[in-house]
Amino acid sequence: MIPSRLFTALSRAALRPTATQLTAAMGVLAAMALTGSLVVTGLAIQTDQREKAALIALQDFAAMAAKLGADDSFSTQTLTDTDAAWLAAWLEAVQTRPGDARSLEAVCRTGRGGAGVRLIEAPGVAPAGLAALAEAEADPIERLGDGVHVLRLERGALCPNRAVEVAAVRQPYGALTLTVGRVVERSGAPWGWAVLTILVTGVLILVFGLGAAALARRRLAIDIERLSQTLDRAAVGDFAERAPETAAAPELTGLTRRVNQTLDRLEELMDWLRDASDQLAHDFRTPLARASSRLDRLGEAADEAERVRLAGQAGADLAQLTRAMNEALALRDGASWVFEPVRLDGLAAQVIELYEPVAAEREISIVADLASVEIPGVRTLLQRAATNLLDNAVKYSPPGGVVRVTVALDGGEAVLRVADQGPGFAGAAALTPGEGPESHGMGLPFVRAVAGRHRGDLIIDDASPGAVVTARFRV
């Protein structure tokens with residue numbers, strides 16, 4: 001059970017790696033690639049050094065053969081005791097040349113290559129030269145022909161402190177067997193230092209990569225924790241705190257900015273909803289109280305005409321309450337929150353056309369001054385807001401009055417202004433629960449809520465006589 005769970009966890013981690021895991025994996029892969037390149041480069045250089053030493057050994061073999069003369073003079077049939085004695089003395093002299101001695105000594109002391117080594121074997125004569133060459137493990141160098149090998153001499157065979165490689169030519173020469181070789185350069189001291197430098201660099205890259213990944217993970221965890229705390233507080237209605245946009249982890253800067261923008265918008269919407277709820281409570285309370293009072297009086301009234309009048313008034317109050325409820329539902333409706341380009345002048349023209357017959361019956365003139373203005377908004381909400389403004393203006397204008405509807409651009413904002421010649425009212429009273437004329441119902445609070453939804457504002461001025469109500473929207 002445990003191995004299967006571990007395999008599942010590892011599979012998920014592999015399929016969905018974190019940024020820290022990716023950073024660490026890239027560091028490990030970089031170190032592995034660097035190590036692999038070093039190994040391949042080392043092998044190539046080693047092969048090249050072996051072939052160079054083997055080519056020099058071939059030249060040495062040819063020179064030694066030339067000094068010995070014709071190979072048929074060293075056949076087992078013609079090789080006399082005298083020849084064997086002379087050959088042994090000659091071989092001893094060749095092997096003990098001062099130059100070679102110093103060269104071998106330098107090889108063992110410095111670790112460099114290039115020194116020559118030889119072994120000459122003849123029948124009836126003790127081998128002369130480096131006897132370890134006859135017993136060394138040999139690998140053929142096929143590219144250079146038969147008889148060319150790489151001989152590995154263990155420590156102590158040539159140098160007391162280290163093992164060496166010898167590129168040697170081993171071939172028969174009459175009754176003799178000649179082995180002529182050169183010590184292979186390991187790789188060269190500069191290349192060795194370069195390898196060491198690259199290896200140290202690779203280790204540092206790996207260490208710093210893992211350290212950077214751990215630091216990045218720590219910083220990321222701290223910022224995510226701060227962001228989570230901010231969202232947790234917002235979940236319980238506390239929008240006072242914001243996540244720091246100058247985050248320690250740059251990867252989260254864009255996300256933090258978007259979260260803060262969302263929290264700003266949510267706080268704005270919550271304030272708007274709170275204000276709208278206060279207005280709804282007031283506007284529902286007023287018609288309900290009136291309807292309740294009139295229904296109580298209706299039960300006590302004895303006169304039939306009075307009962308009919310009270311019933312009609314109570315019905316009007318309930319109708320006003322129904323209208324307020326419908327407008328509240330329009331604010332709640334999710335479909336009403338979809339923004340689209342809306343021609344404010346065209347929308348105002350439609351509302352004016354709708355109310356012109358009602359205004360004409362009361363001899364009220366509607367004067368329109370509509371500039372071409374387009375704003376992003378919710379068409380249904382904007383249409384209800386314009387309808388409420390014009391409905392109030394026509395309803396409370398005196399017969400023969402003038403209602404002016406204006407759509408314009410002012411200071412980078414779209415303006416919808418409705419001015420009437422009615423009794424007017426104080427701007428604050430019109431929008432404060434419990435104050436102002438009862439007859440406005442959900443009109444102006446609804447318009448203010450719509451303006452707030454569109455990041456705008458509602459301004460009420462006294463026209464003396466009449467009122468000027470201006471809704472401003474962002475373009």
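The model is predicted, so local features need pLDDT of at least 70 and side-chain atom pairs count only at pLDDT 80 or more, while totals for chains, interfaces and linings use all residues. Residues are numbered from 1 along each chain as its sequence is written, and side-chain values use heavy atoms, with hydrogens and water left out.

**Stop 1: the whole chain**

Show the chain as a cartoon. It has 12 helices and 13 strands. Helices (H or I, at least four residues) and strands (E, at least two) are DSSP runs, numbered from the N terminus. Of the 475 residues, 37% are buried. Buried means under 20% relative accessible area, exposed means over 50%, and partly exposed is in between (1.4 Å probe, protein chains only).

**Stop 2: Thr 470**

Select Thr 470, in strand E13 (residues 467-474). Is Thr 470 buried or exposed? Thr 470 is buried, because its relative accessible area is 4%. Now show what else touches Thr 470, leaving aside neighbours within four places in sequence. The list includes Val 415, Leu 416, Asp 457 and Ile 459. Contact means heavy atoms within 4.5 Å.

**Stop 3: the largest nonpolar core**

Select Leu 390, Val 405, Leu 416 and Phe 473. They have the most contacts inside the largest nonpolar core, which has 37 residues. Helices H9 (344-361), H10 (379-396) and H12 (443-453) each supply at least two residues of this core, as do strands E10 (402-410), E11 (413-419), E12 (457-462) and E13. Which element gives the most? H10 does, with eight residues. A nonpolar core is a set of buried Ala, Val, Leu, Ile, Met, Phe, Trp, Tyr and Cys residues joined through side-chain atoms within 4.5 Å.

Zoom in on Leu 390. Not counting residues up to four places away in sequence, Leu 390 touches Val 351, Ile 352, Tyr 355, Val 403 and Val 405. Apart from this core lies another, of 19 residues; select Met 64, Tyr 173, Leu 176 and Leu 178 among them.

**Stop 4: salt bridges**

The whole structure has 13 salt bridges. Each is a side-chain nitrogen of Lys or Arg within 4 Å of a carboxyl oxygen of Asp or Glu.

Start with Lys 52 and Asp 48, which meet at 3.4 Å, N to O. Both lie in helix H2, four residues apart, about one turn of the helix. Lys 52 is partly exposed at 47% relative accessible area, and Asp 48 is partly exposed at 35%.

Next, pick Glu 165 and Arg 50, a salt bridge of 2.7 Å, N to O. The pair links distant parts of the chain: Glu 165 is in strand E5 (residues 164-173) and Arg 50 in helix H2, 115 residues apart. Glu 165 is buried at 17%, and Arg 50 is buried at 18%.

Then move to Asp 410 and Arg 472, at 3.2 Å, N to O. Asp 410 is in strand E10 and Arg 472 in strand E13, 62 residues apart. Asp 410 counts as partly exposed at 38%, whereas Arg 472 counts as buried at 16%.

**Stop 5: two loops**

Select Glu 363, in the loop between H9 and strand E8 (365-370). Its phi is near 60°, a positive value in a residue other than glycine. Glu 363 counts as exposed, at 59% relative accessibility.

Go on to Arg 455, in the loop between H12 and E12. The phi of Arg 455 is near 55°, again positive in a residue other than glycine. Arg 455 is partly exposed, at 42%.
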